[in-house]
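Visitor: I am new here. Please show me the structure before we talk.

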Amino acid sequence: MESTTRPPVRLLVFGRQGAGKGTQAVRLAEQFGVPHISTGDMLRAAVREGTEFGQRAKEIMDAGHLVSDEVMLGLISERLAQPDAVNGWLLDGFPRTLQQGKDLMALTGADGIDLALDLDVAEDVVVERISSRRVCSSCGANYSVQVPPTSPWTCDVCGGEVTQRDDDTEQAVRERLATYLLQTIPVVKWFEEQGLLATVDGVGDRDEITEELISLVTNRLF
Ligand SMILES: [Zn+2]
């Protein structure tokens with residue numbers, strides 16, 4: 001049996017939409033050799049594989065409802081019990097509410113979460129980032145107001161029309177940020193009260209932010 005000298009690494013990553021959370025989560029998981037567990041990806045996989053919770057989740061979504069905290073926790077519980085998560089994991093997209101945070105802590109035990117990272121980017125910055133995005137409606141190539149196609153607004157790749165997604169309008173972004181403030185900020189604050197939160201400035205060079213996150217986790221855990 002292979003032995004490991006390092007303690008488990010069990011991380012949560014928080015951040016507003018547009019804070020670069022997904023990118024940093026993937027990099028951190030790779031760095032520490034733990035699975036990157038994205039609840040969005042997981043939900044789709046559970047439905048595809050037809051697990052017990054996956055089937056329940058599918059029924060709920062097919063009926064046009066949101067998946068409940070209980071079902072989400074069931075999915076997380078199944079996932080954390082997989083062999084690849086034995087030495088740790090990184091959760092991305094969960095918990096989203098205070099209740100989910102408390103449920104997760106009940107599942108893992110008080111010592112079962114090592115650190116929660118919060119990528120802090122001011123609301124106006126993410127609104128600017130997201131609302132300036134443009135995308136080719138044919139091939140999905142990404143552009144922005146700052147980096148438009150050569151011939152506005154025709155895709156350099158395929159000649160398709162480059163437009164703004166409905167989800168990316170300033171109003172849509174502000175609505176999602178309001179939900180984050182209302183539902184997710186309380187769980188971030190709760191992890192801070194537990195002494196488990198580290199906040200990192202999410203504005204700046206991506207690689208430097210990755211380095212800062214890695215050294216934070218390393219100093220805290222090893
Ligand atoms: Zn295109």
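The questions and answers below go through the metal site, the strands and the cores.

Visitor: What kind of model is this, and what pLDDT do local features need?
Guide: This is a predicted model, in which totals for chains, interfaces and linings use all residues, side-chain atom pairs count only at pLDDT 80 or more, and local features need pLDDT of at least 70. Residues are numbered from 1 along each chain as its sequence is written, and side-chain values use heavy atoms, with hydrogens and water left out. For local features, then, the pLDDT needed is at least 70.

Visitor: Which residues coordinate the zinc ion?
Guide: Donors are N, O and S atoms within 2.8 Å of the metal (3.2 Å for Na, K and Ca); water is not among the atoms, so sites may look incomplete. Here the donors are SG atoms, at 2.3 Å. Their spacing along the chain is C-x2-C-x15-C-x2-C. The residues are Cys 136, Cys 139, Cys 155 and Cys 158.

Visitor: What arrangement do the 4 donor atoms around the zinc ion make?
Guide: Four donors count as tetrahedral if all angles lie between 85 and 135 degrees. Around the zinc ion the angles run from 100 to 117 degrees, so the arrangement is tetrahedral.

Visitor: How many residues apart in sequence are the parts that Cys 136 and Cys 155 tie together?
Guide: Strands (E, at least two residues) and helices (H or I, at least four) are DSSP runs, numbered from the N terminus. Cys 136 lies in strand 5 (residues 133-136), and Cys 155 lies in the loop between strand 6 (142-144) and strand 7 (162-163). The pair therefore ties together parts that are 19 residues apart.

Visitor: Are Cys 136 and Cys 155 buried or exposed?
Guide: Buried means under 20% relative accessible area, exposed over 50%, and partly exposed in between (1.4 Å probe, protein chains only). Cys 136 has a relative accessible area of 3%. For Cys 155 the value is 4%. Both are buried.

Visitor: How many disulfides are there?
Guide: A disulfide is a pair of cysteine sulfur atoms within 2.5 Å. By this rule the count is 0.

Visitor: In what order do the 3 strands of the open sheet stand?
Guide: Two strands pair if DSSP finds at least two bridges between them. Strand 5 and strand 6 pair in the antiparallel sense over 3 bridges, and Arg 133 has Ser 144 as its bridge partner in strand 6. Strand 6 and strand 7 each have a single partner strand, so they stand at the edges. The order is 6-5-7.

Visitor: Which residue of strand 4 is the bridge partner of Phe 14?
Guide: Strand 1 and strand 4 (residues 115-120) run parallel, joined by 5 bridges. In strand 4, the partner of Phe 14 is Asp 118.

Visitor: How many residues of strand 1 are buried?
Guide: Val 9, Leu 11, Val 13 and Gly 15 point one way, and Arg 10, Leu 12 and Phe 14 the other way. Strand 1 is largely enclosed by the rest of the structure, because its buried residues number 7 of the 7.

Visitor: Which residues have the most contacts inside the largest nonpolar core?
Guide: A nonpolar core is a set of buried Ala, Val, Leu, Ile, Met, Phe, Trp, Tyr and Cys residues joined through side-chain atoms within 4.5 Å. The largest has 31 residues. Elements giving two or more residues to this core include strand 1 (9-15), strand 3 (88-92) and helix 7 (170-193). Those with the most contacts inside it are Leu 12, Phe 14, Trp 89, Leu 91, Leu 104, Ile 113 and Phe 191.

Visitor: Where does Pro 95 lie?
Guide: The peptide bond from Phe 94 to Pro 95 is cis, with omega near -5 degrees. Pro 95 is in the loop between strand 3 and helix 5.

Visitor: Where is Trp 153 found?
Guide: Pro 152 and Trp 153 are joined by a cis peptide bond, with omega about -10 degrees. Trp 153 is in the loop between strand 6 and strand 7.

Methods
Four donors count as tetrahedral if all angles lie between 85 and 135 degrees; four count as square planar and six as octahedral if opposite donors are over 155 degrees apart and all others between 65 and 115; anything else is irregular.
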